[in-house]
Amino acid sequence: MIQDSSVLSLPEGVSCQPLGEGEGAVLLVIESGQLFTCNDTTSAFLAALDGKRSFADVVQTLLETFDVSPDRLRQDLMALAEELQKEGLLQIH
């Protein structure tokens, strides 16, 4: 389970490639060649993950980008992170 103190990153073998301003990103699972398309919110979230900052710090950083309440952004990103983790596209340190 992801907590505010959890530090997240992409696992080895998963690459995130931005598609350009307002275009989202693509996640590539290198071993299988599987591709996942990402919207701008997911792209910004993944770009903010550095394997050092806590989930709470990432949420705080993204509050500067998105015009949404802190609680709403935290809830949305928590659901996103848990889904990505379930798919093997995110790891907790």
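Mentor: A pocket is an open set of grid points, where a 1.4 Å probe fits, with protein on both sides within 12 Å along at least five of seven lines. The model discussed here is predicted.

Trainee: How much space lies in the largest pocket?

Mentor: Rolling a probe the size of a water molecule over the atoms shows where empty space is left. In this model, the largest pocket holds about 190 Å³.

Trainee: Which residues line the largest pocket, and which helix gives the most to the lining?

Mentor: The lining includes Pro18, Leu19, Gly20, Asp40 and Ser43. Helix H1, residues 40–48, gives the most, with four residues. By class, the lining has four nonpolar, four polar and three charged residues.

Trainee: Which residues of the largest nonpolar core touch the most other members?

Mentor: In soluble globular proteins, nonpolar side chains tend to be buried together. Here the largest nonpolar core has 23 residues, of which Leu8, Phe45, Phe55, Leu77 and Leu84 touch the most other members. The elements giving two or more residues to this core are E3, H1, H2 and H3, and H3 gives the most, with six. As for Phe55, its contacts beyond four places in sequence include Leu8, Phe45, Arg74 and Leu77.

Trainee: Which residues of H3 are buried, and what covers them?

Mentor: Leu73, Leu77, Met78, Leu80, Ala81 and Leu84 are the buried residues of H3. Their cover includes strands E1 (8–9) and E3 (25–29), together with H1 and helix H2 (55–63). Helix H3 itself, residues 70–86, reaches 24 Å from its first C-alpha to its last, close to the 24 Å expected. Just after H3, Gly88 takes a positive phi of about 80 degrees.

Technical notes. Residues are numbered from 1 along each chain as its sequence is written. This is a predicted model: local features need pLDDT of at least 70, side-chain atom pairs count only at pLDDT 80 or more; totals for chains, interfaces and linings use all residues. Side-chain values use heavy atoms; hydrogens and water are left out. On a 1 Å grid over the protein atoms alone, a cavity is a set of points where a 1.4 Å probe fits but cannot get out, and a pocket is an open set with protein on both sides within 12 Å along at least five of seven lines; lining residues have an atom within 4 Å of a point. Grid points are joined across faces, edges and corners, and a volume is the space filled by probe spheres set on the points. Ala, Val, Leu, Ile, Met, Phe, Trp, Tyr, Cys and Pro count as nonpolar, Asp, Glu, Lys and Arg as charged, and the others, Gly among them, as polar. The expected span of a helix is 1.5 Å times one less than its number of residues. Buried means under 20% relative accessible area, exposed over 50%, partly exposed in between (1.4 Å probe, protein chains only). Contact means heavy atoms within 4.5 Å. A nonpolar core is a set of buried Ala, Val, Leu, Ile, Met, Phe, Trp, Tyr and Cys residues joined through side-chain atoms within 4.5 Å.
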